Protein chains: 2
Amino acid sequence: MTQLHLNLFLHDTGHHEASWRLPESDPHAHLGIEYHERLARIAEAAKFDSVFLADSPVLWGQVGRRPSGKLEPTLLLAALARATSRIGLIATASTTYNDPFNLSRRFSSLDHISGGRAGWNVVTTAGDDAARNFGLDGQPAHFDRYERADEFLHVAKKLWDSWDDDAIVADKERGVHAEADRVHTVDHEGRYFRVRGPLNVPRSPQGHPVLVQAGSSEDGKGFAARHAEAVFTAQQTLAEAKAFYADIKDRARTAGRDPDHVKVLPGLVPVIGATEAEALAADAELDRLIVAEYARGQLAKLLRVDPESLELDRPLPADLPSEDEIEGAKSRYTLVVELARREELTVRELIGRLGGGRGHKTFAGTPEQVADTIEHWFREGAADGFNIMPAVLPSGLELFATEVVPILRQRGLFRTEYTGTTLRDHYGLPRPANPFSRSLAVV
Amino acid sequence: MTQLHLNLFLHDTGHHEASWRLPESDPHAHLGIEYHERLARIAEAAKFDSVFLADSPVLWGQVGRRPSGKLEPTLLLAALARATSRIGLIATASTTYNDPFNLSRRFSSLDHISGGRAGWNVVTTAGDDAARNFGLDGQPAHFDRYERADEFLHVAKKLWDSWDDDAIVADKERGVHAEADRVHTVDHEGRYFRVRGPLNVPRSPQGHPVLVQAGSSEDGKGFAARHAEAVFTAQQTLAEAKAFYADIKDRARTAGRDPDHVKVLPGLVPVIGATEAEALAADAELDRLIVAEYARGQLAKLLRVDPESLELDRPLPADLPSEDEIEGAKSRYTLVVELARREELTVRELIGRLGGGRGHKTFAGTPEQVADTIEHWFREGAADGFNIMPAVLPSGLELFATEVVPILRQRGLFRTEYTGTTLRDHYGLPRPANPFSRSLAVV
């Protein structure tokens, strides 16, 4: 039987925004490399497919609210590569605020350093605040960001393929290190980029890093269908998750790709207790620690409204903008508004729901109940696996690894050992052929 | 007595271009992280101040000639940070082909990950080939590159200072992680950059990474006087090295800085033998392995002449361009031409001299003789220390560590133990005060 995939979404003291306020939490953990090594090792011991770091080139949110400011993910994962030996390492990086030569090289380097365990979560970076760190007055339009992302990926793939796999011959006798006719310029000239190449790193163990994507807007899903090999998504209900899953697989098929080579991984925020009552109490304690003023400001920013218009004990205002008017984080916007309307939540209740998982599905229960939910979504065709986002770290990860993973194994749903060495092996993804390759040309 | 500083310049199988052809050399070493860890550990065991990686965002030179294509240095050093605990870690990065927000963040992250051991060798990146990887037809003019570098450093320093050292209070009771009034936008608007800030990483252990510079043109020396805390330089003779040393210190003084806070480190390529004859034989064997055609092509590129105009057994042609006509790598150009003229070298002899150290001083001799040269240059006021560039790695480093370093210690010239934990501690450099800092403002 096909087994499911598990990714650990690393997020300082946990995904719940108040997790840092718990007595057990180290509020300086986000800057500590040993802490991240510890988490990655726990995930690797539990045979997770990968760990993942979100990112944006801007100081995001209010600095009082929770640990903010993050180590740059490609560097952090280069360090984690040496504390682990099998688990995949996925970093977020922006196509809007990087250029293809340098960023392609960083991911190729991470793939070399990790022995074939690199993944890139491709984002286009919404928000005017980020734009203002890069000489712009405001963010480029949603469509333009995705058009640039498409061209960026096109260039990146050419650069990763600019060395044949067999370019290095290391012939000491002849004094030829690499064969010049196996290293190619890319000579790209497009709307956004002109790049000559070749890349200054030989082709990496995986050929390309695994490409991950997490936008769920129309542009985002189209991009995923063309490029993504794994999709992170926020889904609140089984019905919506199944529809999203089917949509992504259809789009991949339409784009001429094997739908099995696009893994769909909804986010899950488990809050685990020995009993359901214990889990619910832990969840309630976390929500109690949310500072409402911070959360209201953040929610107002997402909704593009004045914070004063959000009254804590009343529903969202009726006159919110439509998704079409939102330029960035479109799908997050719609998810939040629909969640509030569907469940008739007050602003305070909505803040509680978002504080735990920022729109991802929070599930408080026993290990058995968490495993049941995972199995149900997996068997119903809503997921190829899950993006596990513990509300509290490291304790939530430790509980998941020791209590939930063994149940998934008993049910035959999850591996007991790694069978391969690369991230592509873990996710069951093929290594991309090199279109430049001499051997192909000769056939 | 003041002691000297030692930096290890990491360079795959060694600085001699033919080193990879020796039986002992692993020609795949440049892509191997374990190999770099081994070198860094040897250097740390010998109490070197730092290791250093050169870099350029372009595939440089002919791929047949020697190992080419390199792992991106900030990622490589993030990995090395976890294999070492005291030695400094200096990466090269270009101000011409990066933007200040992302690059400042990478160096701040490296400083956090390494516990205060990061250094940045600031380069402006000469050459049309690099320019063509970034949408340009050819390199920006020398002056423009340095003007951009100046503004880049100005922005980077503001970003590194955008969090007060005491911004994070982690007050769980009040629910305040960092104090908002201790985190500042930078609001930079200049000729090359507009950057709002703040940086999305809190201030790092060293405040700023140690700033290193290696250009010896007029623009380069001016830049060094304003910003550099260590200067790498290629000097062939004691007289020239003394003049350069005095010039840099004078310029620093004129710029209002303490000249002791700009360390001058000439490159030294030691080829060590048990006897002088053995060392000279090893050197000759390396030169014999140089493929003359590769080297002639590279020399022709540096000199901006047709390779055919360089006859192997004749001197350089008389009608070479003047330094003023050279747009990039000016000082390297002049050094090579002067070396050939002064010593009346044929093209073949010049290639031998350059093959070993690319213009840096090669010295073949016994450990005692190498130590004598180091002591002589140090005492004569030509150097605060040396950028050690073993012709062959790891063997040349091992010999230097086990044979030369103990002699320097016996003479009281080099440390027996680290006395501090940061790169600034090792080089005797102050931690930059934060001009934004609340505590300063209150005084």
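Trainee: Which backbone oxygen does the side chain of Thr92(A) reach, and at what distance?

Mentor: That side chain reaches the backbone oxygen of Leu53(A) at 2.7 Å. This is a predicted model: local features need pLDDT of at least 70, side-chain atom pairs count only at pLDDT 80 or more, and totals for chains, interfaces and linings use all residues. Residues are numbered from 1 along each chain as its sequence is written, chains are lettered from A and ligands numbered from 1 in the order written, and side-chain values use heavy atoms, without hydrogens and water.

Trainee: Is Thr92(A) buried or exposed?

Mentor: Buried means under 20% relative accessible area, exposed over 50%, partly exposed in between (1.4 Å probe, protein chains only). Thr92(A) has 2% relative accessibility, so it counts as buried.

Trainee: What does UniProt place at Thr92(A)?

Mentor: An unreviewed UniProt entry places "binding site" there; the set also includes Ser217(A). Such annotations may be inferred rather than shown by experiment.

Trainee: What is Ser217(A) in contact with?

Mentor: Contact means heavy atoms within 4.5 Å. Leaving aside neighbours within four places in sequence, Ser217(A) is in contact with His142(A), Tyr146(A), Lys330(A) and Ser331(A). Ser217(A) is buried too, with a relative accessible area of 5%.

Trainee: Which residues does Pro202(B) touch?

Mentor: Not counting residues up to four places away in sequence, they include Leu31(A), Ser68(A) and Gly69(A) from chain A, and Trp163(B) from chain B. Pro202(B) is buried, at 4% relative accessible area. The C-alpha atoms of Pro202(B) and Leu423(B) are separated by 19 Å, though these residues are 221 residues apart along the chain.

How values were computed
Polar contact = N/O pair within 3.5 Å; in protein donor to acceptor, adjacent residues only side chain to side chain.
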